[in-house]
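Subject: Structure handover

Hi there,

Here is the structure I promised to send over. Please open it alongside this email, and my notes follow below.

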Amino acid sequence: MAVKNKIKIPKKKIKNIVLYSKRVLWGAVAFLLCFSSVVGGCCPFAVSLIAVSGRKNFLFASIGAALGYIVFCSSENAIRYVSAVIICTLGTAALIFFKVKRETYLSMLISCLSVLSTGLVMNVKAGSNLGGYAITLGESVLALGSTFFFFRFANCSLKRLKLKALPITDLTCVLVSASIVLSSLSFIEIKGVSIARILACLLILTTVRFGSQRFALIVSLCLGFALGITEENALFLIGAYAFSSLLCSLFTSFSSLAIGFSFTLSMSFFAVAANMGAFSLCTVLESVFASIILCILPEKLTSKLTDLWESGADIAPEGSLRQSLVVRLRFASSALAQVSESVRDVREKINSFSTVDPNESEIRMVAADQFFSISDMLGDLAFEFDEAESFDFKAAGRIRRMLGEYDIFPENISAIVDKYDRMRIEILAPNDTKGLDNMRLTNEICKICKREFERGKINVSSAGTLLSFMEKPNFKMSFGFAQYCAEGNLCGDTIKTINDSRGHMIFIISDGMGKGSRAALDGAMGAGLLSKLLSAGFGFDSSLKVVNSALLVKSHEESLATLDCVRVDLFSGKCEFYKAGAPRSYIVKDDKLTKCELTSMPAGILRGVEFAKRTTVLNTDDEIIMMSDGITDVGDEWLEKFLRLDTALDPNEKAKAILKIAIENSDEKHRDDMSVIVAKMIER
């Protein structure tokens with residue numbers, strides 16, 4: 001059997017070909033722009049292009065512009081514009097050499113001064129009157145404006161256009177720039193019929209037929225402006241193109257023939273009203289030719305145009321309930337996968353040290369419990385979505401356009417307002433997205449939503465990267481913690497602090513059974529799994545069931561961990577205690593000390609373990625103190641005395657002081673691992 005040998009081109013070579021092709025393209029466009037002149041013979045557009053071309057392309061643009069002016073302009077004008085090209089090239093090179101950050105105003109200034117200085121020299125030399133100086137001034141302003149359009153075009157990502165995330169300002173700059181380039185083809189005429197204007201009409205018609213009516217209006221205005229200033233008395237094209245696009249958009253439900261006929265009819269009306277003789281007749285013929293081309297476009301091309309305009313149409317409306325549910329359920333699935341992987345990894349490590357004969361019956365029972373855990377988790381999600389009062393679609397759309405300016409293209413944006421009028425922004429983006437940690441995003445979102453938000457929290461999983469912004473709450477927590485290892489360098493206690501981006505601060509202490517590495521493993525597993533599940537949006541009860549099952553099947557040996565959790569609502573001050581085998585905690589409120597002691601079982605011993613709960617409300621300067629049993633076993637008289645007297649210490653100092661006194665009061669031979677968290681409510 002014959003085998004065809006394919007020639008493989010190295011990727012580096014392909015990259016170089018693409019790079020040089022882009023540079024040649026810059027030169028070709030600059031060459032064409034030299035013919036794109038407006039009324040009065042002004043053609044500063046090629047100079048403007050040089051000013052925005054950048055380090056890699058400015059030499060090619062300069063060469064193309066110089067050749068174009070020599071070919072298309074008279075000898076006197078050629079000298080003037082080539083001089084402007086040289087000045088603009090030197091100015092651009094200076095910015096590159098001194099590594100000046102590229103800014104729009106700098107490029108605009110260079111192109112404007114290049115055109116203005118050479119124009120003034122020519123005016124002085126020719127002894128021009130006031131009108132000549134006015135034309136020079138107008139041409140420099142035209143160079144200024146076109147540089148702005150070119151700069152925005154060159155520095156925007158066209159990927160945003162496909163994703164419908166391009167801001168209107170950038171979209172307009174893209175269209176105006178393309179229209180100016182198209183106007184450079186105006187010199188191609190057949191008996192007065194312009195190829196450029198035929199292409200303009202065809203672009204308007206295809207936009208109306210396959211795209212957006214609003215977008216078609218913007219296209220027609222940009223094309224009408226660019227082509228209208230190229231010839232004397234042609235400004236009527238601005239109104240003619242705009243009104244004709246609006247008229248033919250009424251017939252989009254019919255055929256291409258109806259759209260083309262209505263467009264031609266409207267253009268004929270404007271041509272007669274303008275009374276421009278041969279030029280009016282040519283504009284009518286141009287619209288006829290464009291309409292005929294629209295009707296005979298091949299099916300393959302129309303299918304591609306339809307696909308182009310419908311790109312992103314399968315994206316659900318911004319912030320829809322379906323969207324938000326899908327995002328959250330993806331993260332739920334990812335969190336469960338992480339739980340499974342963690343248990344498997346820990347089990348494999350234990351199996352590597354000893355031979356294990358698992359009790360299959362017990363494992364089956366634990367597996368059955370997982371169905372109830374998953375049911376509870378879905379109930380937690382249902383409750384959370386029931387709390388969502390509304391979705392702000394407009395804000396989500398504005399945020400998408402803003403993110404496009406930072407080259408961030410999210411898969412989903414949800415702007416959720418709960419029944420307490422608290423707003424939360426959730427942005428799901430691919431894992432390879434860059435710039436999500438940009439501080440400016442928070443400020444931009446604050447401006448868009450007219451609310452004050454905290455800095456975004458990033459949560460990464462296999463489902464993507466979730467960037468969450470929560471409206472800034474009324475309070476914040478100042479906290480500190482301290483730990484003591486009773487055996488070696490591994491502490492059997494694990495401390496976790498979580499800001500869940502929903503206005504809650506969560507503190508966790510997990511104490512593994514015993515001391516050393518075994519206890520450290522159990523404590524880290526209990527706190528780690530619980531923190532992941534809570535961060536994913538699950539409730540405490542359903543999360544505890546998963547953690548309990550994970551500890552039960554982790555190994556054949558007895559494995560348990562106490563869980564001491566506190567969740568504080570930073571909007572209302574509501575404070576919830578959740579304890580599974582954990583020792584007492586303390587609340588310092590209005591200089592009064594309250595003990596929070598709840599009876600419960602630790603996780604990892606029996607199936608069906610539940611949290612013991614208690615709720616209180618914290619005010620400004622109130623404190624909560626959480627400890628492992630290594631501290632509470634030393635006694636409580638000294639601790640309560642210390643908490644009543646030493647109120648001036650900050651949380652971090654207080655945590656260290658409590659640990660120090662506990663170590664001093666304990667027997668060195670019987671010391672257990674010790675951990676303490678002190679958290680204080682502070683008004684913003």
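To compare two helices, I use axes, which are lines fitted to C-alpha atoms, for helices over the stretch in contact, with angles running from 0 to 180 degrees between N-to-C directions. Helices (H or I, at least four residues) and strands (E, at least two) are DSSP runs, numbered from the N terminus. Please keep in mind that this is a predicted model, where local features need pLDDT of at least 70 and side-chain atom pairs count only at pLDDT 80 or more, while totals for chains, interfaces and linings use all residues. Residues are numbered from 1 along each chain as its sequence is written, and side-chain values use heavy atoms, with hydrogens and water left out.

Helix α8 (residues 168-183) packs on α10 at an angle of about 40 degrees, the two axes lying 8 Å apart. That makes α8 oblique to α10 (under 35 degrees counts as roughly parallel, over 145 as roughly antiparallel, 65 to 115 as roughly perpendicular, and the rest as oblique). Their crossing is right-handed, meaning that the near helix is turned clockwise from the far one by less than a right angle. Among the residues that meet here are Leu171 and Leu175 in α8 and Phe215 and Ile218 in α10; contact means heavy atoms within 4.5 Å. The residues of this contact divide into 13 nonpolar, three polar and one charged (Ala, Val, Leu, Ile, Met, Phe, Trp, Tyr, Cys and Pro count as nonpolar, Asp, Glu, Lys and Arg as charged, and the others, Gly among them, as polar).

Helices α2 (residues 45-52) and α6 (residues 130-154) pack at about 45 degrees, with axes 8 Å apart, and are therefore oblique to each other. The crossing of α2 and α6 is right-handed. The residues of their contact divide into nine nonpolar, three polar and no charged.

Next comes α11 (residues 236-248). Its buried residues include Phe236, Leu237 and Tyr241 (buried is under 20% relative accessible area, exposed over 50%, partly exposed in between, with a 1.4 Å probe and protein chains only). The buried residues of α11 pack against α9 (195-210), α10 (213-228), α12 (256-274) and α13 (278-295).

Finally, two loop residues. Most residues other than glycine have a negative phi. Lys450, though not a glycine, has a positive phi of about 55 degrees; Lys450 sits in the loop between α18 (439-449) and β6 (457-461) and is exposed, with a relative accessible area of 76%. Asp621 also has a positive phi, near 75 degrees, and lies in the loop between β15 (612-617) and β16 (623-627).

Best wishes
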